[in-house]
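Subject: Structure handover

Hello,

Here is the structure I promised to pass on. Please open it next to this email and follow along.

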Amino acid sequence: MLTLPNILTLSRILAVPFLAFLLWWPDWALGYLLAFGLYSLMGITDYFDGYLARSSGTVSKLGIFLDPIADKIMVAAVILVLTAQGILRGPYVGDMHVIAGLIILVREIAVSGLREFLGGLQVSVPVTKLAKWKTTFQIIALGSLILGHGLPGWNVMIGGIEANVPHTVGLATLWGAAILTLMTGWDYLRVGLKHMD
(Lines give C-alpha, C1' and ligand atoms only; values in the text may rest on other atoms or scores of the structure.)
Protein backbone atom coordinates (compact mmCIF):
# COMPACT_ATOMS: atom_id res chain seq x y z
CA MET A 1 0.00 0.00 0.00
CA LEU A 2 2.68 2.51 0.97
CA THR A 3 4.48 2.61 -2.35
CA LEU A 4 5.90 5.96 -3.50
CA PRO A 5 3.14 6.50 -6.12
CA ASN A 6 0.44 5.90 -3.49
CA ILE A 7 2.17 8.23 -1.03
CA LEU A 8 2.25 10.96 -3.71
CA THR A 9 -1.47 10.45 -4.39
CA LEU A 10 -2.32 10.57 -0.67
CA SER A 11 -0.19 13.70 -0.24
CA ARG A 12 -2.28 15.36 -2.94
CA ILE A 13 -5.48 14.59 -1.05
CA LEU A 14 -4.00 15.81 2.25
CA ALA A 15 -2.84 19.04 0.59
CA VAL A 16 -6.37 20.04 -0.48
CA PRO A 17 -7.37 21.66 2.88
CA PHE A 18 -4.14 23.71 2.85
CA LEU A 19 -4.87 24.80 -0.71
CA ALA A 20 -8.41 25.82 0.24
CA PHE A 21 -7.03 27.72 3.27
CA LEU A 22 -4.64 29.73 1.08
CA LEU A 23 -7.44 30.57 -1.37
CA TRP A 24 -9.88 31.67 1.31
CA TRP A 25 -8.74 35.33 1.45
CA PRO A 26 -9.01 36.87 -2.05
CA ASP A 27 -7.26 40.08 -0.97
CA TRP A 28 -4.16 38.15 0.18
CA ALA A 29 -2.05 38.13 -2.99
CA LEU A 30 0.85 36.31 -1.31
CA GLY A 31 -1.54 33.57 -0.20
CA TYR A 32 -2.63 33.12 -3.81
CA LEU A 33 0.98 32.93 -4.98
CA LEU A 34 1.64 30.28 -2.32
CA ALA A 35 -1.56 28.51 -3.42
CA PHE A 36 -0.33 28.58 -7.02
CA GLY A 37 2.94 26.99 -5.92
CA LEU A 38 1.09 24.28 -3.97
CA TYR A 39 -1.37 23.72 -6.83
CA SER A 40 1.53 23.35 -9.28
CA LEU A 41 3.25 20.88 -6.94
CA MET A 42 0.02 18.87 -6.71
CA GLY A 43 -0.18 18.81 -10.51
CA ILE A 44 3.41 17.57 -10.75
CA THR A 45 2.74 14.77 -8.25
CA ASP A 46 -0.36 13.84 -10.29
CA TYR A 47 1.90 13.22 -13.27
CA PHE A 48 4.66 11.45 -11.36
CA ASP A 49 2.51 9.08 -9.28
CA GLY A 50 1.13 7.50 -12.46
CA TYR A 51 4.47 7.56 -14.26
CA LEU A 52 6.32 5.96 -11.32
CA ALA A 53 3.64 3.32 -10.81
CA ARG A 54 3.79 2.26 -14.46
CA SER A 55 7.59 2.43 -14.85
CA SER A 56 8.30 0.51 -11.63
CA GLY A 57 5.48 -2.01 -12.11
CA THR A 58 3.84 -1.00 -8.81
CA VAL A 59 0.38 -0.14 -10.15
CA SER A 60 -1.95 -1.03 -7.29
CA LYS A 61 -5.71 -1.26 -6.83
CA LEU A 62 -5.45 1.42 -4.16
CA GLY A 63 -3.65 3.73 -6.58
CA ILE A 64 -6.18 3.08 -9.35
CA PHE A 65 -8.94 3.89 -6.84
CA LEU A 66 -7.34 6.97 -5.24
CA ASP A 67 -5.81 8.77 -8.22
CA PRO A 68 -9.03 9.92 -9.93
CA ILE A 69 -10.56 10.72 -6.53
CA ALA A 70 -7.59 12.95 -5.66
CA ASP A 71 -8.00 14.80 -8.96
CA LYS A 72 -11.72 15.32 -8.47
CA ILE A 73 -11.33 16.50 -4.86
CA MET A 74 -8.68 19.04 -5.89
CA VAL A 75 -10.69 20.38 -8.85
CA ALA A 76 -13.95 20.55 -6.87
CA ALA A 77 -12.31 22.29 -3.91
CA VAL A 78 -10.66 24.93 -6.09
CA ILE A 79 -13.83 25.61 -8.12
CA LEU A 80 -15.96 25.89 -4.98
CA VAL A 81 -13.57 28.22 -3.13
CA LEU A 82 -12.97 30.43 -6.18
CA THR A 83 -16.74 30.65 -6.68
CA ALA A 84 -17.35 31.48 -3.02
CA GLN A 85 -14.73 34.25 -3.14
CA GLY A 86 -16.20 35.77 -6.33
CA ILE A 87 -13.17 34.99 -8.50
CA LEU A 88 -15.11 33.23 -11.28
CA ARG A 89 -16.16 36.65 -12.52
CA GLY A 90 -15.10 38.52 -15.61
CA PRO A 91 -15.96 41.28 -18.06
CA TYR A 92 -19.17 41.30 -20.12
CA VAL A 93 -20.84 38.30 -18.42
CA GLY A 94 -19.99 38.93 -14.76
CA ASP A 95 -20.35 35.83 -12.62
CA MET A 96 -21.85 33.72 -15.45
CA HIS A 97 -18.44 32.01 -15.57
CA VAL A 98 -19.66 30.04 -12.55
CA ILE A 99 -21.75 28.03 -15.05
CA ALA A 100 -18.55 26.64 -16.61
CA GLY A 101 -17.41 25.49 -13.16
CA LEU A 102 -20.83 24.00 -12.49
CA ILE A 103 -20.74 22.03 -15.75
CA ILE A 104 -17.38 20.56 -14.75
CA LEU A 105 -18.59 19.58 -11.26
CA VAL A 106 -21.85 18.03 -12.50
CA ARG A 107 -20.00 16.00 -15.12
CA GLU A 108 -17.45 14.71 -12.59
CA ILE A 109 -20.22 13.52 -10.27
CA ALA A 110 -22.26 12.00 -13.11
CA VAL A 111 -19.29 10.19 -14.66
CA SER A 112 -18.21 8.85 -11.25
CA GLY A 113 -21.69 7.39 -10.75
CA LEU A 114 -21.71 6.01 -14.28
CA ARG A 115 -18.28 4.39 -13.82
CA GLU A 116 -19.52 2.79 -10.58
CA PHE A 117 -22.60 1.45 -12.38
CA LEU A 118 -20.55 0.09 -15.30
CA GLY A 119 -17.97 -1.36 -12.90
CA GLY A 120 -20.72 -3.46 -11.35
CA LEU A 121 -21.41 -4.82 -14.84
CA GLN A 122 -17.67 -5.36 -15.35
CA VAL A 123 -17.63 -2.89 -18.24
CA SER A 124 -14.53 -0.70 -18.36
CA VAL A 125 -14.52 2.72 -20.01
CA PRO A 126 -11.01 3.71 -21.07
CA VAL A 127 -9.87 7.32 -20.74
CA THR A 128 -9.91 8.97 -24.16
CA LYS A 129 -7.46 11.53 -25.56
CA LEU A 130 -10.26 14.09 -25.44
CA ALA A 131 -10.70 13.42 -21.71
CA LYS A 132 -6.96 14.01 -21.23
CA TRP A 133 -7.29 17.34 -23.05
CA LYS A 134 -10.22 18.19 -20.78
CA THR A 135 -8.04 17.53 -17.74
CA THR A 136 -5.23 19.64 -19.20
CA PHE A 137 -7.61 22.55 -19.82
CA GLN A 138 -8.95 22.25 -16.25
CA ILE A 139 -5.47 22.31 -14.74
CA ILE A 140 -4.43 25.34 -16.82
CA ALA A 141 -7.71 27.15 -16.14
CA LEU A 142 -7.69 26.79 -12.36
CA GLY A 143 -3.95 27.45 -12.10
CA SER A 144 -4.31 30.63 -14.19
CA LEU A 145 -7.23 31.86 -12.07
CA ILE A 146 -5.19 31.33 -8.91
CA LEU A 147 -2.11 33.02 -10.43
CA GLY A 148 -4.18 35.97 -11.65
CA HIS A 149 -5.23 36.77 -8.11
CA GLY A 150 -1.64 36.36 -6.92
CA LEU A 151 -0.45 38.86 -9.55
CA PRO A 152 -3.20 41.52 -9.52
CA GLY A 153 -1.05 44.04 -11.40
CA TRP A 154 -0.49 41.88 -14.50
CA ASN A 155 -3.10 43.71 -16.57
CA VAL A 156 -3.59 44.68 -20.23
CA MET A 157 -6.26 46.64 -22.08
CA ILE A 158 -8.63 44.41 -24.11
CA GLY A 159 -11.36 46.18 -26.05
CA GLY A 160 -11.26 49.18 -23.75
CA ILE A 161 -11.44 47.02 -20.61
CA GLU A 162 -8.49 46.46 -18.28
CA ALA A 163 -8.08 42.72 -17.84
CA ASN A 164 -5.73 40.61 -15.74
CA VAL A 165 -3.79 38.36 -18.16
CA PRO A 166 -3.71 35.07 -16.17
CA HIS A 167 -7.29 35.57 -14.97
CA THR A 168 -8.53 36.09 -18.54
CA VAL A 169 -6.61 33.02 -19.74
CA GLY A 170 -8.12 31.10 -16.82
CA LEU A 171 -11.70 32.06 -17.69
CA ALA A 172 -11.21 31.24 -21.40
CA THR A 173 -9.68 27.83 -20.70
CA LEU A 174 -12.33 27.13 -18.05
CA TRP A 175 -14.98 27.44 -20.78
CA GLY A 176 -12.82 25.28 -23.04
CA ALA A 177 -12.69 22.67 -20.27
CA ALA A 178 -16.47 22.93 -19.80
CA ILE A 179 -17.09 22.30 -23.52
CA LEU A 180 -14.71 19.31 -23.53
CA THR A 181 -16.39 18.14 -20.32
CA LEU A 182 -19.78 18.02 -22.07
CA MET A 183 -18.31 16.17 -25.04
CA THR A 184 -16.51 13.54 -22.95
CA GLY A 185 -19.47 13.24 -20.60
CA TRP A 186 -21.70 12.44 -23.58
CA ASP A 187 -19.21 9.77 -24.71
CA TYR A 188 -19.40 8.09 -21.28
CA LEU A 189 -23.20 8.40 -21.22
CA ARG A 190 -23.52 6.72 -24.65
CA VAL A 191 -21.54 3.73 -23.38
CA GLY A 192 -23.66 3.62 -20.23
CA LEU A 193 -26.97 3.76 -22.09
CA LYS A 194 -26.03 0.65 -24.06
CA HIS A 195 -25.94 -1.31 -20.79
CA MET A 196 -29.15 0.06 -19.26
CA ASP A 197 -32.50 -1.70 -19.64
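First, a term. Buried means under 20% relative accessible area, exposed means over 50%, and partly exposed lies in between (1.4 Å probe, protein chains only).

Some ground rules. This is a predicted model, where local features need pLDDT of at least 70 and side-chain atom pairs count only at pLDDT 80 or more, while totals for chains, interfaces and linings use all residues. Residues are numbered from 1 along each chain as its sequence is written, and side-chain values use heavy atoms, with hydrogens and water left out.

**Gln138**

Start with Gln138. Its relative accessibility is 4%, so Gln138 counts as buried. Gln138 sits in helix H5, residues 129–150. Helices here are DSSP runs (H or I, at least four residues), numbered from the N terminus. What does Gln138 touch? Leaving out residues up to four places away in sequence, Gln138 touches Tyr39, Val75, Ile104, Glu108, Ala177 and Thr181. Contact means heavy atoms within 4.5 Å.

A salt bridge is a side-chain nitrogen of Lys or Arg within 4 Å of a carboxyl oxygen of Asp or Glu. Glu108 makes one with Lys72, and the closest N and O atoms are 3.4 Å apart. This pair links distant parts of the chain: Glu108 is in helix H4 (residues 98–120), Lys72 is in helix H3 (residues 61–84), and 36 residues separate them. Lys72 counts as partly exposed, at 28% relative accessibility. Glu108 also forms a salt bridge with Arg107, at 3.4 Å from N to O. Arg107 is buried, at 9% relative accessibility.

**Helix H6**

Next, helix H6. H6 covers residues 165–193, which is 29 residues. From first C-alpha to last, H6 reaches 42 Å, close to the 42 Å expected at 1.5 Å a residue. That expected span is 1.5 Å times one less than the number of residues. At the start of H6, a side-chain oxygen of Asn164 comes within 3.0 Å of the backbone nitrogen of His167.

Which residue does Asp187 meet in a salt bridge? The partner is Arg190, at 3.0 Å from N to O. Asp187 is partly exposed at 25% relative accessibility, and Arg190 is partly exposed at 43%.

**Whole structure**

Salt bridges that share partners also join Arg12, Asp46, Asp67 and Asp71 into one network. A search of the whole structure finds seven salt bridges.

Over to you.

Technical notes: Helix = DSSP H or I, 4+ residues; strand = E, 2+ residues; numbered from the N terminus. Polar contact = N/O pair within 3.5 Å; in protein donor to acceptor, adjacent residues only side chain to side chain.
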